[in-house]
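Welcome, and thanks for taking a look at this one with us. Please have the sequence and the structure open side by side as you read.

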Amino acid sequence: MPHITVDYPRRLARLFDVQAFADELHPVVLDESRSAGTCKTLLREATRACVSQHGGDAAFVHVEVGLLPGRTDGLKARLCQAILDLLERHIRMATTDNVVCSVEVRDLADSYRLRTL
(Lines give C-alpha, C1' and ligand atoms only; values in the text may rest on other atoms or scores of the structure.)
Protein backbone atom coordinates (compact mmCIF):
# COMPACT_ATOMS: atom_id res chain seq x y z
CA MET A 1 0.00 0.00 0.00
CA PRO A 2 2.71 2.59 0.67
CA HIS A 3 3.26 5.08 -2.14
CA ILE A 4 6.82 6.38 -2.25
CA THR A 5 8.45 9.07 -4.36
CA VAL A 6 12.21 9.58 -4.47
CA ASP A 7 13.35 12.81 -6.13
CA TYR A 8 17.08 13.10 -6.78
CA PRO A 9 19.23 15.36 -8.96
CA ARG A 10 20.62 14.34 -12.30
CA ARG A 11 24.17 14.88 -11.02
CA LEU A 12 23.69 12.04 -8.51
CA ALA A 13 22.13 9.71 -11.08
CA ARG A 14 25.45 8.18 -12.07
CA LEU A 15 26.71 7.94 -8.47
CA PHE A 16 23.68 7.13 -6.32
CA ASP A 17 22.29 3.64 -7.01
CA VAL A 18 18.68 4.66 -6.59
CA GLN A 19 17.37 1.18 -7.45
CA ALA A 20 19.49 -0.42 -4.71
CA PHE A 21 18.24 2.28 -2.34
CA ALA A 22 14.61 1.54 -3.29
CA ASP A 23 15.16 -2.20 -2.86
CA GLU A 24 16.36 -1.61 0.71
CA LEU A 25 13.78 1.10 1.34
CA HIS A 26 10.74 -1.11 0.75
CA PRO A 27 11.21 -3.48 3.72
CA VAL A 28 12.11 -0.53 5.97
CA VAL A 29 8.88 1.26 5.07
CA LEU A 30 6.77 -1.88 5.48
CA ASP A 31 8.35 -2.80 8.82
CA GLU A 32 8.42 0.68 10.36
CA SER A 33 4.91 1.64 9.20
CA ARG A 34 3.43 -1.77 10.00
CA SER A 35 1.97 -1.84 6.51
CA ALA A 36 0.92 -4.81 4.48
CA GLY A 37 1.00 -5.04 0.75
CA THR A 38 3.33 -3.76 -1.89
CA CYS A 39 5.39 -0.60 -1.95
CA LYS A 40 4.97 1.40 -5.12
CA THR A 41 7.87 3.76 -5.77
CA LEU A 42 8.44 6.49 -8.33
CA LEU A 43 12.11 7.25 -8.88
CA ARG A 44 12.28 10.75 -10.35
CA GLU A 45 15.48 12.25 -11.65
CA ALA A 46 15.25 16.02 -11.36
CA THR A 47 16.79 17.94 -14.22
CA ARG A 48 17.34 21.00 -12.01
CA ALA A 49 17.54 21.64 -8.29
CA CYS A 50 18.85 24.41 -6.06
CA VAL A 51 19.80 24.48 -2.39
CA SER A 52 20.13 28.15 -1.47
CA GLN A 53 22.18 27.98 1.72
CA HIS A 54 24.88 25.89 0.11
CA GLY A 55 25.54 28.30 -2.74
CA GLY A 56 23.86 26.02 -5.24
CA ASP A 57 26.72 23.57 -4.66
CA ALA A 58 24.77 20.88 -2.81
CA ALA A 59 22.61 18.14 -4.25
CA PHE A 60 19.11 17.55 -2.85
CA VAL A 61 17.29 14.24 -2.33
CA HIS A 62 13.70 14.13 -1.10
CA VAL A 63 11.69 11.02 -0.19
CA GLU A 64 7.93 11.19 0.31
CA VAL A 65 5.95 8.28 1.73
CA GLY A 66 2.15 8.19 1.54
CA LEU A 67 0.37 5.85 3.96
CA LEU A 68 -3.24 5.17 4.81
CA PRO A 69 -4.30 7.33 7.77
CA GLY A 70 -3.99 6.09 11.33
CA ARG A 71 -0.26 6.17 12.09
CA THR A 72 0.91 8.21 15.05
CA ASP A 73 3.23 11.17 14.64
CA GLY A 74 5.84 9.19 16.60
CA LEU A 75 5.69 6.29 14.17
CA LYS A 76 5.97 8.69 11.22
CA ALA A 77 9.00 10.38 12.84
CA ARG A 78 10.71 7.01 13.40
CA LEU A 79 10.05 6.05 9.79
CA CYS A 80 11.51 9.37 8.59
CA GLN A 81 14.64 8.79 10.69
CA ALA A 82 15.05 5.23 9.40
CA ILE A 83 14.80 6.49 5.81
CA LEU A 84 17.31 9.29 6.47
CA ASP A 85 19.71 6.73 7.94
CA LEU A 86 19.32 4.53 4.86
CA LEU A 87 19.82 7.51 2.54
CA GLU A 88 22.98 8.47 4.40
CA ARG A 89 24.45 4.99 3.99
CA HIS A 90 23.72 4.92 0.27
CA ILE A 91 24.81 8.47 -0.49
CA ARG A 92 28.03 8.26 1.54
CA MET A 93 28.99 5.24 -0.58
CA ALA A 94 28.30 7.28 -3.73
CA THR A 95 29.83 10.72 -3.22
CA THR A 96 31.69 13.09 -0.94
CA ASP A 97 29.66 16.06 -2.25
CA ASN A 98 27.26 17.93 0.01
CA VAL A 99 23.83 16.33 -0.26
CA VAL A 100 20.82 17.74 1.57
CA CYS A 101 18.28 15.00 2.32
CA SER A 102 14.69 15.27 3.49
CA VAL A 103 11.85 12.85 4.16
CA GLU A 104 8.13 13.42 4.57
CA VAL A 105 5.62 10.79 5.67
CA ARG A 106 2.06 11.86 4.99
CA ASP A 107 -1.43 10.40 5.10
CA LEU A 108 -3.05 9.47 1.81
CA ALA A 109 -6.32 11.28 1.14
CA ASP A 110 -9.62 9.63 2.06
CA SER A 111 -10.37 9.48 -1.66
CA TYR A 112 -7.40 7.12 -2.26
CA ARG A 113 -8.26 4.03 -4.27
CA LEU A 114 -6.08 1.32 -5.78
CA ARG A 115 -6.77 -1.13 -8.57
CA THR A 116 -4.46 -3.60 -10.26
CA LEU A 117 -5.33 -4.11 -13.92
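This briefing covers a pocket, a helix and a strand residue. Please keep in mind that the model is predicted.

**The largest pocket**
- The largest pocket holds about 160 Å³ of space.
- Its lining is made up of Glu88, Ile91, Arg92, Thr95, Thr96, Asp97, Val99 and Cys101.
- Two elements, α3 (73-94) and β4 (99-107), each contribute at least two residues to the lining, and α3 gives the most, with three.

**Helix α3**
- With 22 residues, α3 spans 31 Å from its first C-alpha to its last, close to the 32 Å expected at 1.5 Å a residue.
- The buried residues of α3 are Leu75, Lys76, Leu79, Cys80, Ala82, Ile83, Leu86, Leu87, His90, Ile91 and Ala94.
- The partners that the buried residues of α3 pack against are α2 (18-33), β3 (59-67) and β4.
- Ile91 is one of the buried residues of α3 and is also among the residues that line the largest pocket.

**Thr5 in strand β1**
- Thr5 sits in strand β1, which runs over residues 3-9.
- Thr5 counts as buried because its relative accessibility is 13%, under the 20% cut-off.
- Leaving aside residues up to four places away in sequence, Thr5 touches Leu42, Arg44, His62, Val63 and Glu64.

How values were computed. Residues numbered from 1 in each chain as written. Predicted model: local features only at pLDDT ≥ 70, side-chain atom pairs only at ≥ 80, totals over all residues. Heavy atoms only, no water. 1 Å grid on protein atoms, 1.4 Å probe; cavity = no way out; pocket = protein on both sides within 12 Å on 5 of 7 lines; lining within 4 Å. Points joined across faces, edges and corners; volume = space filled by probe spheres on them. Helix = DSSP H or I, 4+ residues; strand = E, 2+ residues; numbered from the N terminus. Expected span 1.5 Å × (residues − 1). Buried < 20%, exposed > 50% of the residue type's maximum accessible area, 1.4 Å probe, protein only. Contact = heavy atoms within 4.5 Å.
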